Amino acid sequence: MILLTSDTETKPTQAMRQAIANAPVGDEQKGEDPTVNLLLERVADLLGKEDALFFACGTICNFVSIKTHTRPADVVLAEQMSHIIRAESGGAALSSGVLMEPIASERGIFTVNAVEQALQRVTTAPYLYRAIPRLLCVEQTHNFAGGSVWRLEQLRKVCDFSRQKGLAIHMDGARLLNAVVATQTPAYDFAACADSVWIDFTKGLGAPIGAVLAGTKEFISEARRYKHIFGGAMRQAGIVAAGCLHALDHHVERLQDDHDNANYLAQGLSQIEGITVRETNPETNIVFFDVSKLRLDTAMFLTLLQERGVKMGAVGDSIRAVTHLDVFRPDIDFALDAISKVATLK
Ligand SMILES: *Cc1c(COP(=O)(O)O)cnc(C)c1O
(Lines give C-alpha, C1' and ligand atoms only; values in the text may rest on other atoms or scores of the structure.)
Protein backbone atom coordinates (compact mmCIF):
# COMPACT_ATOMS: atom_id res chain seq x y z
CA MET A 1 0.00 0.00 0.00
CA ILE A 2 1.34 3.43 -0.93
CA LEU A 3 0.50 5.76 1.92
CA LEU A 4 0.00 9.35 0.78
CA THR A 5 -2.52 10.14 3.50
CA SER A 6 -0.03 12.17 5.52
CA ASP A 7 3.67 12.71 6.20
CA THR A 8 2.90 11.31 9.65
CA GLU A 9 2.83 7.87 7.98
CA THR A 10 6.63 7.69 8.05
CA LYS A 11 8.15 4.73 9.90
CA PRO A 12 11.50 5.04 11.69
CA THR A 13 14.35 3.86 9.46
CA GLN A 14 16.75 1.13 10.60
CA ALA A 15 19.40 3.78 11.30
CA MET A 16 16.92 5.78 13.38
CA ARG A 17 15.93 2.65 15.33
CA GLN A 18 19.63 2.04 16.03
CA ALA A 19 20.04 5.60 17.35
CA ILE A 20 16.94 5.11 19.51
CA ALA A 21 18.22 1.80 20.90
CA ASN A 22 21.58 3.31 21.88
CA ALA A 23 20.36 6.58 23.39
CA PRO A 24 21.68 7.59 26.83
CA VAL A 25 18.67 8.50 28.99
CA GLY A 26 17.71 10.18 32.28
CA ASP A 27 14.71 11.84 33.89
CA GLU A 28 13.23 14.34 31.44
CA GLN A 29 10.87 15.78 34.04
CA LYS A 30 13.85 16.81 36.15
CA GLY A 31 15.78 18.09 33.12
CA GLU A 32 18.24 15.20 33.44
CA ASP A 33 17.84 13.32 30.19
CA PRO A 34 21.08 13.92 28.24
CA THR A 35 19.58 13.04 24.86
CA VAL A 36 16.57 15.32 25.36
CA ASN A 37 18.90 18.09 26.56
CA LEU A 38 21.09 17.73 23.49
CA LEU A 39 18.01 17.89 21.25
CA LEU A 40 16.78 21.02 23.03
CA GLU A 41 20.16 22.71 22.59
CA ARG A 42 20.20 21.80 18.91
CA VAL A 43 16.67 23.11 18.28
CA ALA A 44 17.12 26.30 20.34
CA ASP A 45 20.25 26.94 18.28
CA LEU A 46 18.51 26.15 14.98
CA LEU A 47 15.65 28.52 15.84
CA GLY A 48 17.80 31.20 17.47
CA LYS A 49 15.90 31.02 20.78
CA GLU A 50 17.18 31.05 24.38
CA ASP A 51 15.53 27.86 25.52
CA ALA A 52 13.42 24.94 24.36
CA LEU A 53 11.12 22.24 25.70
CA PHE A 54 10.40 18.69 24.54
CA PHE A 55 6.84 17.49 23.93
CA ALA A 56 5.26 14.29 22.69
CA CYS A 57 3.52 16.06 19.82
CA GLY A 58 2.71 19.37 18.20
CA THR A 59 -0.87 19.71 19.34
CA ILE A 60 0.24 20.05 22.95
CA CYS A 61 2.86 22.65 21.89
CA ASN A 62 0.02 24.83 20.59
CA PHE A 63 -2.14 24.02 23.63
CA VAL A 64 0.59 24.98 26.13
CA SER A 65 1.84 27.99 24.13
CA ILE A 66 -1.59 29.59 23.91
CA LYS A 67 -2.03 29.01 27.64
CA THR A 68 1.33 30.60 28.39
CA HIS A 69 0.71 33.68 26.24
CA THR A 70 -2.87 34.47 27.29
CA ARG A 71 -5.34 34.89 30.11
CA PRO A 72 -8.90 33.52 30.01
CA ALA A 73 -11.27 35.66 27.89
CA ASP A 74 -8.41 37.06 25.77
CA VAL A 75 -8.64 36.92 21.97
CA VAL A 76 -6.28 34.84 19.86
CA LEU A 77 -6.07 35.72 16.16
CA ALA A 78 -5.35 32.90 13.75
CA GLU A 79 -5.90 32.17 10.08
CA GLN A 80 -9.41 30.90 9.43
CA MET A 81 -8.32 27.42 8.26
CA SER A 82 -5.40 27.09 10.67
CA HIS A 83 -4.73 23.80 12.41
CA ILE A 84 -5.25 25.53 15.77
CA ILE A 85 -8.82 26.51 14.85
CA ARG A 86 -9.85 23.56 12.63
CA ALA A 87 -8.00 20.49 13.81
CA GLU A 88 -7.23 20.61 17.51
CA SER A 89 -10.58 19.63 19.00
CA GLY A 90 -11.12 23.09 20.43
CA GLY A 91 -8.07 22.64 22.67
CA ALA A 92 -7.34 26.36 22.94
CA ALA A 93 -10.76 26.84 24.51
CA LEU A 94 -10.09 24.04 26.97
CA SER A 95 -6.53 24.97 27.91
CA SER A 96 -6.92 28.71 27.88
CA GLY A 97 -10.58 29.80 27.73
CA VAL A 98 -9.79 32.12 24.84
CA LEU A 99 -11.86 33.45 21.95
CA MET A 100 -10.49 32.66 18.52
CA GLU A 101 -10.77 35.39 15.88
CA PRO A 102 -10.35 33.90 12.39
CA ILE A 103 -8.34 35.88 9.85
CA ALA A 104 -9.26 35.66 6.16
CA SER A 105 -6.43 34.76 3.80
CA GLU A 106 -5.21 33.78 0.37
CA ARG A 107 -3.97 30.21 0.78
CA GLY A 108 -3.19 30.53 4.49
CA ILE A 109 -0.85 33.50 4.11
CA PHE A 110 -2.48 36.75 5.24
CA THR A 111 -1.68 40.45 5.02
CA VAL A 112 -1.19 43.32 7.45
CA ASN A 113 -4.53 44.58 6.23
CA ALA A 114 -6.27 41.34 7.21
CA VAL A 115 -4.79 41.57 10.73
CA GLU A 116 -5.88 45.20 10.94
CA GLN A 117 -9.44 44.24 9.95
CA ALA A 118 -9.52 41.44 12.50
CA LEU A 119 -8.32 43.83 15.21
CA GLN A 120 -11.00 46.32 14.20
CA ARG A 121 -13.69 43.64 14.58
CA VAL A 122 -12.35 42.63 17.98
CA THR A 123 -12.13 46.21 19.26
CA THR A 124 -15.42 47.55 17.87
CA ALA A 125 -17.11 47.86 21.26
CA PRO A 126 -15.98 50.19 24.05
CA TYR A 127 -13.21 48.93 26.32
CA LEU A 128 -15.67 47.82 28.98
CA TYR A 129 -17.32 45.35 26.58
CA ARG A 130 -14.55 44.08 24.35
CA ALA A 131 -12.28 41.10 24.79
CA ILE A 132 -8.55 41.82 24.73
CA PRO A 133 -6.55 40.68 21.68
CA ARG A 134 -3.35 39.13 23.04
CA LEU A 135 -1.83 36.71 20.55
CA LEU A 136 -1.41 36.19 16.82
CA CYS A 137 -0.74 32.69 15.48
CA VAL A 138 0.91 31.95 12.13
CA GLU A 139 1.24 28.54 10.52
CA GLN A 140 4.41 27.72 8.57
CA THR A 141 3.80 25.89 6.25
CA HIS A 142 0.03 26.10 6.08
CA ASN A 143 -1.41 22.61 6.11
CA PHE A 144 -4.99 23.00 4.84
CA ALA A 145 -3.89 25.56 2.27
CA GLY A 146 -1.64 22.93 0.67
CA GLY A 147 1.71 23.40 2.39
CA SER A 148 1.90 27.05 1.38
CA VAL A 149 4.93 29.01 2.57
CA TRP A 150 5.19 32.34 4.33
CA ARG A 151 7.95 34.32 2.59
CA LEU A 152 10.20 36.01 5.11
CA GLU A 153 9.38 39.53 3.96
CA GLN A 154 5.62 39.02 4.28
CA LEU A 155 5.95 37.29 7.63
CA ARG A 156 8.09 40.15 8.98
CA LYS A 157 5.57 42.77 7.88
CA VAL A 158 2.66 40.96 9.49
CA CYS A 159 4.53 40.17 12.71
CA ASP A 160 6.05 43.67 13.07
CA PHE A 161 2.63 45.23 12.65
CA SER A 162 1.03 42.83 15.12
CA ARG A 163 3.76 43.48 17.69
CA GLN A 164 3.20 47.22 17.39
CA LYS A 165 -0.44 46.49 18.21
CA GLY A 166 0.63 44.74 21.41
CA LEU A 167 0.17 41.15 20.26
CA ALA A 168 2.56 38.32 21.07
CA ILE A 169 3.35 36.04 18.11
CA HIS A 170 3.20 32.25 18.13
CA MET A 171 4.35 30.18 15.19
CA ASP A 172 2.88 26.74 14.57
CA GLY A 173 5.98 25.53 12.74
CA ALA A 174 4.91 21.91 12.34
CA ARG A 175 6.50 22.00 8.86
CA LEU A 176 8.80 25.01 9.31
CA LEU A 177 11.75 23.01 7.99
CA ASN A 178 9.85 22.33 4.77
CA ALA A 179 9.62 26.11 4.36
CA VAL A 180 13.34 26.43 5.15
CA VAL A 181 14.28 23.89 2.49
CA ALA A 182 11.81 25.28 -0.07
CA THR A 183 13.02 28.88 0.26
CA GLN A 184 16.62 28.39 1.42
CA THR A 185 15.84 30.79 4.27
CA PRO A 186 17.49 29.99 7.64
CA ALA A 187 15.03 28.67 10.24
CA TYR A 188 16.13 31.34 12.76
CA ASP A 189 15.11 34.12 10.36
CA PHE A 190 11.54 32.81 10.24
CA ALA A 191 11.61 32.03 13.97
CA ALA A 192 12.87 35.54 14.83
CA CYS A 193 9.45 36.86 13.77
CA ALA A 194 7.77 34.92 16.59
CA ASP A 195 8.00 34.88 20.39
CA SER A 196 7.33 31.15 20.48
CA VAL A 197 7.79 28.55 17.76
CA TRP A 198 7.78 24.78 17.58
CA ILE A 199 8.73 22.16 15.03
CA ASP A 200 7.27 18.70 14.60
CA PHE A 201 9.51 15.66 14.26
CA THR A 202 6.72 13.28 13.29
CA LYS A 203 5.84 14.86 9.95
CA GLY A 204 8.35 14.86 7.07
CA LEU A 205 11.25 14.50 9.49
CA GLY A 206 10.17 10.93 10.07
CA ALA A 207 10.57 10.41 13.83
CA PRO A 208 7.93 8.35 15.68
CA ILE A 209 7.29 10.80 18.55
CA GLY A 210 8.31 14.35 19.42
CA ALA A 211 8.03 18.08 18.92
CA VAL A 212 10.17 20.88 20.33
CA LEU A 213 8.89 24.29 21.41
CA ALA A 214 11.32 27.21 21.67
CA GLY A 215 11.22 30.73 23.09
CA THR A 216 12.75 32.96 25.74
CA LYS A 217 13.96 31.45 29.03
CA GLU A 218 11.03 33.09 30.78
CA PHE A 219 8.46 31.75 28.29
CA ILE A 220 9.84 28.23 28.42
CA SER A 221 9.95 28.27 32.21
CA GLU A 222 6.22 29.09 32.33
CA ALA A 223 5.45 26.63 29.52
CA ARG A 224 7.22 23.90 31.50
CA ARG A 225 4.72 24.31 34.34
CA TYR A 226 1.74 24.02 31.99
CA LYS A 227 3.30 21.07 30.23
CA HIS A 228 3.50 19.40 33.64
CA ILE A 229 -0.08 20.35 34.60
CA PHE A 230 -1.48 18.98 31.34
CA GLY A 231 0.32 15.66 31.73
CA GLY A 232 3.07 16.29 29.21
CA ALA A 233 6.08 15.67 31.43
CA MET A 234 8.04 12.51 30.67
CA ARG A 235 10.77 10.38 32.23
CA GLN A 236 13.35 8.57 30.02
CA ALA A 237 12.26 10.51 26.95
CA GLY A 238 15.74 10.30 25.40
CA ILE A 239 14.46 7.09 23.83
CA VAL A 240 12.31 9.14 21.50
CA ALA A 241 14.43 12.32 21.43
CA ALA A 242 17.19 10.20 19.86
CA GLY A 243 14.92 9.66 16.85
CA CYS A 244 14.45 13.43 16.59
CA LEU A 245 18.22 14.07 16.74
CA HIS A 246 18.74 11.49 14.05
CA ALA A 247 16.09 13.23 11.93
CA LEU A 248 17.86 16.61 12.33
CA ASP A 249 21.10 15.05 11.12
CA HIS A 250 19.72 13.00 8.25
CA HIS A 251 16.22 13.99 7.20
CA VAL A 252 16.21 17.75 6.70
CA GLU A 253 17.86 18.33 3.32
CA ARG A 254 16.04 15.36 1.83
CA LEU A 255 12.71 17.20 2.34
CA GLN A 256 13.50 18.61 -1.11
CA ASP A 257 12.84 15.11 -2.52
CA ASP A 258 9.34 15.25 -1.00
CA HIS A 259 8.74 18.64 -2.59
CA ASP A 260 9.96 17.36 -5.96
CA ASN A 261 7.71 14.32 -5.66
CA ALA A 262 4.72 16.49 -4.73
CA ASN A 263 5.36 18.63 -7.82
CA TYR A 264 5.68 15.54 -9.99
CA LEU A 265 2.40 14.23 -8.57
CA ALA A 266 0.59 17.54 -9.11
CA GLN A 267 1.84 17.81 -12.71
CA GLY A 268 0.75 14.24 -13.39
CA LEU A 269 -2.67 14.81 -11.85
CA SER A 270 -3.19 17.90 -13.99
CA GLN A 271 -2.92 15.65 -17.07
CA ILE A 272 -5.77 13.38 -15.93
CA GLU A 273 -9.20 14.27 -17.23
CA GLY A 274 -11.77 14.99 -14.54
CA ILE A 275 -9.17 15.81 -11.88
CA THR A 276 -8.80 19.41 -10.75
CA VAL A 277 -5.49 20.15 -9.01
CA ARG A 278 -5.51 23.15 -6.71
CA GLU A 279 -1.84 24.01 -7.28
CA THR A 280 0.07 22.46 -10.16
CA ASN A 281 3.31 23.66 -8.54
CA PRO A 282 2.89 22.98 -4.83
CA GLU A 283 5.49 24.85 -2.79
CA THR A 284 6.23 21.95 -0.45
CA ASN A 285 4.95 18.39 0.10
CA ILE A 286 1.15 18.70 0.09
CA VAL A 287 -1.10 18.31 -2.96
CA PHE A 288 -4.82 19.05 -2.98
CA PHE A 289 -7.14 18.04 -5.78
CA ASP A 290 -10.80 17.40 -6.34
CA VAL A 291 -12.79 14.93 -8.35
CA SER A 292 -16.11 16.75 -8.56
CA LYS A 293 -16.02 16.49 -12.37
CA LEU A 294 -16.04 12.69 -12.17
CA ARG A 295 -19.20 10.73 -11.55
CA LEU A 296 -17.78 9.65 -8.18
CA ASP A 297 -17.92 11.35 -4.85
CA THR A 298 -14.72 11.88 -2.87
CA ALA A 299 -15.31 8.97 -0.47
CA MET A 300 -16.02 6.51 -3.31
CA PHE A 301 -12.98 7.74 -5.23
CA LEU A 302 -10.77 7.14 -2.19
CA THR A 303 -12.20 3.65 -1.65
CA LEU A 304 -11.62 2.67 -5.27
CA LEU A 305 -8.11 4.10 -5.13
CA GLN A 306 -7.34 2.16 -1.98
CA GLU A 307 -8.50 -1.06 -3.68
CA ARG A 308 -5.74 -0.31 -6.21
CA GLY A 309 -3.07 0.07 -3.54
CA VAL A 310 -2.97 3.82 -2.93
CA LYS A 311 -4.25 5.56 0.18
CA MET A 312 -5.01 9.29 0.30
CA GLY A 313 -7.16 11.34 2.66
CA ALA A 314 -10.07 13.74 2.41
CA VAL A 315 -10.07 17.27 3.80
CA GLY A 316 -13.64 18.43 3.37
CA ASP A 317 -14.59 17.58 -0.24
CA SER A 318 -11.02 17.78 -1.45
CA ILE A 319 -8.43 15.04 -1.56
CA ARG A 320 -5.08 15.59 0.10
CA ALA A 321 -1.94 13.71 -0.86
CA VAL A 322 1.22 14.24 1.18
CA THR A 323 4.68 13.06 0.13
CA HIS A 324 7.27 11.91 2.67
CA LEU A 325 10.38 9.83 3.17
CA ASP A 326 8.69 6.47 2.64
CA VAL A 327 7.38 7.48 -0.79
CA PHE A 328 9.61 7.28 -3.87
CA ARG A 329 9.26 8.41 -7.47
CA PRO A 330 8.06 4.99 -8.75
CA ASP A 331 5.37 5.07 -6.04
CA ILE A 332 4.13 8.37 -7.48
CA ASP A 333 4.04 6.82 -10.95
CA PHE A 334 2.09 3.90 -9.52
CA ALA A 335 -0.33 6.29 -7.77
CA LEU A 336 -0.86 8.33 -10.96
CA ASP A 337 -1.58 5.16 -12.88
CA ALA A 338 -4.09 4.02 -10.25
CA ILE A 339 -5.78 7.42 -10.28
CA SER A 340 -6.06 7.38 -14.09
CA LYS A 341 -7.73 4.00 -13.89
CA VAL A 342 -10.22 5.11 -11.24
CA ALA A 343 -10.92 8.33 -13.17
CA THR A 344 -11.83 6.42 -16.32
CA LEU A 345 -14.17 3.93 -14.61
CA LYS A 346 -17.65 4.17 -15.99
C1 LIG B 1 0.25 18.03 12.38
C2 LIG B 1 0.06 19.45 12.72
C3 LIG B 1 -0.11 19.85 14.04
C4 LIG B 1 -0.21 18.87 15.18
O5 LIG B 1 0.94 18.14 15.36
P6 LIG B 1 0.88 16.68 16.04
O7 LIG B 1 2.33 16.36 16.25
O8 LIG B 1 0.21 15.78 15.06
O9 LIG B 1 0.12 16.80 17.29
C10 LIG B 1 -0.25 21.19 14.30
N11 LIG B 1 -0.21 22.09 13.31
C12 LIG B 1 -0.03 21.75 12.03
C13 LIG B 1 0.02 22.81 10.98
C14 LIG B 1 0.10 20.41 11.69
O15 LIG B 1 0.24 20.06 10.41
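A residue is called buried when its relative accessible area is under 20%, exposed when over 50%, and partly exposed in between (1.4 Å probe, protein chains only). The structure is a predicted model, in which local features need pLDDT of at least 70 and side-chain atom pairs count only at pLDDT 80 or more, while totals for chains, interfaces and linings use all residues. Residues are numbered from 1 along each chain as its sequence is written, and side-chain values use heavy atoms, with hydrogens and water left out.

Aromatic pairs were assigned to rings of Phe, Tyr and Trp (its six-membered ring) with centres within 6.5 Å; planes under 30 degrees apart count as stacked, over 60 as edge-to-face and the rest as tilted. The structure holds 4 such pairs. In one of them, the ring centres of Phe 110 and Trp 150 are 4.9 Å apart and the planes stand at 90°, so the pair is edge-to-face. Phe 110 is buried, with a relative accessible area of 2%, and Trp 150 is buried at 0%. A stacked pair is formed by Tyr 226 and Phe 230, with 6.4 Å from centre to centre and 25° between the planes. Tyr 226 counts as buried at 17% relative accessibility, whereas Phe 230 is partly exposed at 31%. Together with Phe 63, Tyr 226 and Phe 230 form one aromatic cluster.

A charge sits over a ring if NZ of Lys or CZ of Arg is within 6 Å of the ring centre and within 35 degrees of the ring normal. The charged end of Arg 278 lies over the ring of Phe 288, 4.1 Å from its centre.
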